[in-house]
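Hi everyone, thanks for coming. Let me put the structure up on the screen, and then I'll walk you through it.

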Amino acid sequence: MSPTFRAFHVRNFRLYATGAIVSNVGTWMQRVAQDWLVLELTHSGTALGIVTGLQFAPALLLGPYAGLVADRFPKRKLLQITQVWMAIAALTLGTLTVTGLVEPWHVFVIAFLFGIGTAFDAPARQAFVVEMVGRDDLSNAVGLNSASFNAARLIGPGLAGLLIHWIGTGPVIIVNGLSYAAVILSLRLMRTSELHTPKVAARDKGMIRDGMRYLWRRPDLMMVLVTVAFAGMFGLNFQLTSALMAVEAFHKGAGEYGILGSVLAIGSLSGALLAARRVRIRARMVIGAAIAFGLLEVVSAVMPTYLTFALVLPLVGLASLTMLTTANATMQLSIEPTMRGRVMALYMTVLMGGTTIGSPLIGFVGQELGARYSLIVGGGLTALGAIGSVLYFSHRRGLSIRPRLLPRPRLEILPQSELLADKAVVDVPQAVGAKEPTSDPRVA
């Protein structure tokens, strides 16, 4: 089997991936349909940002508790419950839309309820991957999961745009509600005897605080977490920024908006497949990809036409998925199994919950200053956040870097004491992917 797809030799993962691709297509269809519904009802970029923020608010509010639940209960059963919850939310919104009863406040409330399901689903789903495939194939499985999600992005938005034009937004949302049945079926068909299920964490006081303290004592992981937080808050607002660019900057319709999502997914899928082939995971790649992602968003903002904007989007998608898949694998491979649910919940909290803060802000910027500024501000803050994270947490780890151009461009990472001894070297603080100056075996 090709190294790109080596995790597929695990039967349980094959089942999961099959159900996930069906559900992911439905998810992307609903994202486009929901955004288009909000624009039809309100004609407001701020309202669109509020809906996006409400959908991710539960991840910010409930994330740590959801991680505790993931550590305390069997993840396979928990995932079945979350799929049913999200299916009910989608079917309710679709029915209201089809019957013509939908109002903006309906969309706001259901987006929040949908987000509750997502908040509990995300940490359980992230931690369940290693239970299906084990540690050896984890990085490959994370990449393949991202590839599945982005292959669905290639299909879902374009298909949604066409279906919205032909039959309306309501039926598209209902299709997503039905698609969750595929995931539920795949989970029920798994062989539990083949799962690498760790012993659930014993109930104890202060378990959430323990997870936070564990993470704070790991500056290598905090550097990744803060970088992802800035990207999630300001940069990863594609459904908002693409809608604003399509409608306001280029005066296009639902079909062209859907196509932008599919074009973006070309680069995202490429990034996910490249990540699946990668055997060695380096934290420095998270930082480099985050900076590149932010700068490419700024470049996309100044593209003069719909075509040139669409041509830049695959590069944006490639950088964003390289950052996310590397960050995910770095976090999961570096934490203790009994902490995995809580730490991954905190990771998903800053990634998804940060959108609650950033999305309305970016929507407001787009409405007041223009669609292009939503990308300029979002991309610029993402790049600056990654740089600031490196500077602060490298100082905490006592490491510095020096750039080398020959024989190939690279960064040499050394303890600051060694650099102080080298008078010819100018210190540049950073600690991307380096080992601690101690012998802590947890640090990759």
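Predicted model: local features only at pLDDT ≥ 70, side-chain atom pairs only at ≥ 80, totals over all residues.

Residues are numbered from 1 along each chain as its sequence is written, and side-chain values use heavy atoms, with hydrogens and water left out.

Okay, how many salt bridges does the structure hold? Three, where a salt bridge is a side-chain nitrogen of Lys or Arg within 4 Å of a carboxyl oxygen of Asp or Glu.

Take Glu-131 and Lys-75, whose side chains meet at 3.0 Å, N to O. Glu-131 sits in helix α4 (residues 104-133) and Lys-75 in helix α3, so this pair ties together parts 56 residues apart in sequence. By helix I mean a DSSP run of H or I, at least four residues, numbered from the N terminus. Are these two buried or exposed? Glu-131 is buried at 4% relative accessibility, and Lys-75 is buried too, at 10%. Buried here means under 20% relative accessible area, exposed over 50%, and partly exposed in between, with a 1.4 Å probe and protein chains only.

Next, Arg-125 and Asp-121 meet at 2.8 Å, N to O. They're four residues apart in helix α4, so about one helical turn separates them. Asp-121 is buried at 4%, whereas Arg-125 is partly exposed at 26%.

The remaining bridge joins Glu-194 and Arg-191, at 3.1 Å, N to O. Glu-194 is partly exposed at 33%, and so is Arg-191, at 41%.

Ala-66 is 55 residues from Asp-121 in sequence, yet the two C-alphas are 8.1 Å apart. Ala-66 belongs to helix α2 (residues 45-72) and is buried, at 0%. Setting aside residues up to four places away in sequence, Ala-66 touches Ala-119, Phe-120 and Pro-123, with contact meaning heavy atoms within 4.5 Å.

Last stop, the cores. A nonpolar core is a set of buried Ala, Val, Leu, Ile, Met, Phe, Trp, Tyr and Cys residues joined through side-chain atoms within 4.5 Å. The largest has 89 residues, and Phe-309 is one of those with the most contacts inside it. Helix α12 (residues 306-333) gives the most to this core, 11 residues. Apart from it lies another core, of 26 residues, including Tyr-16 and Ala-70.

Notes
Helix = DSSP H or I, 4+ residues; strand = E, 2+ residues; numbered from the N terminus.
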